[in-house]
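Please read this short report alongside the sequence and the 3D view. Keep both open as you go.

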Amino acid sequence: MAFTGRAALLAALGSVPVGIWDPSWTGVLAVNAPLAVACACDFALAAPVRSLRLTRSGDTSTRLGDSADVVLTVANPSRRRLRARLRDAWPPSSWRPGTEPAASRHRLTIPPGERRRLTTRLWPTRRGDHRSDRVTIRSYGPLGLFARQGTHVVPWTVRVLPPFTSRKHLPSRLSRLRELDGRTSVLTRGEGTEFDSLREYVPGDDTRSIDWRATARHSTVAVRTWRPERDRHILLVLDTGRTSAGRVGEAPRLDASLDAALLLAALASRAGDRVDLLAYDRRVRALVQGRTANDVLPSLVNAMATLEPELLETDARGLTAAALRSAPRRSLVVLLTSLDAAPIEEGLLPVLGRLTRRHTVVLASVADPLVARMAGTRGDVDALYEAAAAAQDQEERRRTADQLRRHGVTVVDATPDELAPALADTYLELKAAGRL
């Protein structure tokens with residue numbers, strides 16, 4: 001502990017009772033002169049704090065839920081041995097609840113002219129950029145009676161990326177994609193398919209797929225086979241307005257939308273399609289375009305890391321215009337937003353036709369599983385009221401979804417755990433139907 005001032009000195013000497021201040025305190029010092037000299041020497045022998053040199057290294061990024069190790073190197077250029085306590089301060093969201101005091105504090109001893117490395121392990125609880133605050137060092141003398149204290153600013157940033165928990169669904173969807181690519185005559189001609197090969201006709205094949213010229217050159221009837229067209233364009237549109245801030249369970253709706261978008265992007269890039277990202281509320285919050293298949297997922301994860309819901313109403317007209325600029329030719333536009341009646345009916349529906357005339361549109365929304373549980377409760381009067389409110393909410397969502405479907409929009413409404421695989425399945429169904 002650092003001591004400063006006359007009262008602290010007298011308390012350290014232990015010669016003055018608490019609450020009593022003797023004007024003749026100099027006499028006390030005379031009696032305890034050896035101890036006073038010891039204290040002065042202890043203070044003088046404490047290594048200076050300002051001359052210390054501090055540098056950082058270590059992790060610059062991690063996924064939400066994983067740890068990050070940041071290494072702090074402390075060099076002691078002075079001629080005195082450093083005996084110190086150190087606090088490496090970071091924002092509160094950089095630690096698991098209740099672990100910050102122990103995780104951020106270190107003891108160290110550094111001989112003159114040497115250096116030591118200290119590792120601070122962060123466990124972030126929020127996405128985004130976590131920046132170090134300051135390093136506070138308290139340097140003690142050999143007896144530990146007095147201490148020098150100072151702070152150093154040593155900048156470092158750890159970017160916390162989305163956890164991408166839905167990646168566990170990717171192998172099964174890739175297997176279905178391979179099956180889809182291997183299908184032949186089951187796929188009919190139509191928009192979004194391309195010619196693959198010829199094979200012999202079997203009963204049940206679509207007669208429209210018969211290649212009469214090839215049949216004339218062979219002794220058997222030949223049919224064309226088709227496969228899903230590659231290099232299609234997919235635009236992921238994230239609504240970052242106020243409705244994305246609503247919490248479902250432990251996280252806002254936006255986090256579930258990010259997870260679903262990442263799974264779809266990983267699947268589509270493996271299918272040979274091009275994937276872009278647009279995050280919008282009243283202005284563009286993130287835009288990722290023109291990335292290669294190998295680079296698209298890291299680029300999306302990095303762009304999503306700093307996205308946060310904005311507490312303002314999304315400008316549907318501006319969102320539509322931004323989407324049309326980002327997708328000038330026919331594309332699959334996946335709009336991750338809310339199914340709340342008011343924002344859809346007053347904002348999106350009046351301008352939806354501009355999107356559906358040019359693009360295939362899918363709207364994905366996060367449903368609250370608590371509403372479904374409330375709808376099934378019948379225990380008492382309060383539970384009946386909750387069930388009635390939940391049933392009304394479910395009916396409004398169904399009515400809103402039906403309105404969107406009448407405008408040609410494919411609607412995916414699922415809970416946070418089910419949204420990502422449901423959206424991936426919808427993509428595969430559209431691809432199999434030749435609508436991409």
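**Overview**

This is a predicted model. The protein has 13 helices and 20 strands. Of its 436 residues, 44% are buried. Look next at contacts between residues at least 6 apart in sequence: 76% of them join residues at least 24 apart.

**A six-stranded sheet**

Strands of a sheet pair through backbone hydrogen bonds, either parallel or antiparallel. Here, six strands form an open sheet with mixed pairing. Their order is β17-β16-β13-β18-β19-β20. Which strands sit at the edges? They are β17 (284-288) and β20 (410-414), and each pairs on one side only. From one strand to the next, the twist averages 15°.

Now find β13 (residues 233-239) and β18 (residues 332-336). These two strands pair in the parallel sense, over five bridges. Leu 236 has Val 334 in β18 as its bridge partner.

**Helices across the sheet**

| Helix | Residues | Lies across | Angle |
|---|---|---|---|
| α9 | 316-326 | β13, β16 (274-280), β17 and β18 | about 155° to β16 |
| α13 | 416-432 | β13, β18, β19 (360-366) and β20 | about 155° to β20 |

**A helix pair**

Turn to α7 and α8 (residues 293-305). Their axes come within 9 Å and cross at roughly 170°. Angles over 145 degrees count as roughly antiparallel, so α7 is roughly antiparallel to α8. Which residues make the contact? From α7 come Leu 258, Ala 261, Leu 262, Ala 265, Ala 266 and Ser 269. From α8 come Ala 293, Val 296, Leu 297, Leu 300, Val 301 and Met 304. Eleven residues of this contact are nonpolar, one is polar and none is charged.

**Nonpolar cores**

The largest nonpolar core has 50 residues. Which of them touch the most other members? They are Leu 236, Leu 300, Met 304, Val 334, Leu 423 and Tyr 427. Helix α7 (residues 253-270) gives this core its largest share, twelve residues.

Beyond its neighbours within four places in sequence, Leu 300 is in contact with Leu 236, Leu 262, Ala 265, Val 275, Leu 277 and Val 288. A second, separate core has 23 residues, including Tyr 280, Ala 322, Ala 327 and Leu 404.

Start with Ala 68, in strand β3 (residues 68-75). Is Ala 68 buried or exposed? Its relative accessibility is 0%, so Ala 68 counts as buried. Leaving out residues up to four places away in sequence, Ala 68 touches Asp 59, Thr 62, Thr 120, Arg 121, Leu 122 and Val 158. Ala 68 and Pro 124 are 56 residues apart in sequence, yet their C-alpha atoms are 8.2 Å apart in space.

Then find Phe 164, in the loop between β10 (157-161) and α5 (170-182). Most residues other than glycine have a negative phi. Phe 164 is not a glycine, but its phi is positive, at about 55°. With 5% relative accessibility, below the 20% cut-off, Phe 164 counts as buried.

Conventions:
Residues are numbered from 1 along each chain as its sequence is written. This is a predicted model: local features need pLDDT of at least 70, side-chain atom pairs count only at pLDDT 80 or more; totals for chains, interfaces and linings use all residues. Side-chain values use heavy atoms; hydrogens and water are left out. A nonpolar core is a set of buried Ala, Val, Leu, Ile, Met, Phe, Trp, Tyr and Cys residues joined through side-chain atoms within 4.5 Å. Buried means under 20% relative accessible area, exposed over 50%, partly exposed in between (1.4 Å probe, protein chains only). Helices (H or I, at least four residues) and strands (E, at least two) are DSSP runs, numbered from the N terminus. Contact means heavy atoms within 4.5 Å. Axes are lines fitted to C-alpha atoms, for helices over the stretch in contact, and angles run from 0 to 180 degrees between N-to-C directions. Angles under 35 degrees count as roughly parallel, over 145 as roughly antiparallel, 65 to 115 as roughly perpendicular and the rest as oblique. Ala, Val, Leu, Ile, Met, Phe, Trp, Tyr, Cys and Pro count as nonpolar, Asp, Glu, Lys and Arg as charged, and the others, Gly among them, as polar. Two strands pair if DSSP finds at least two bridges between them.
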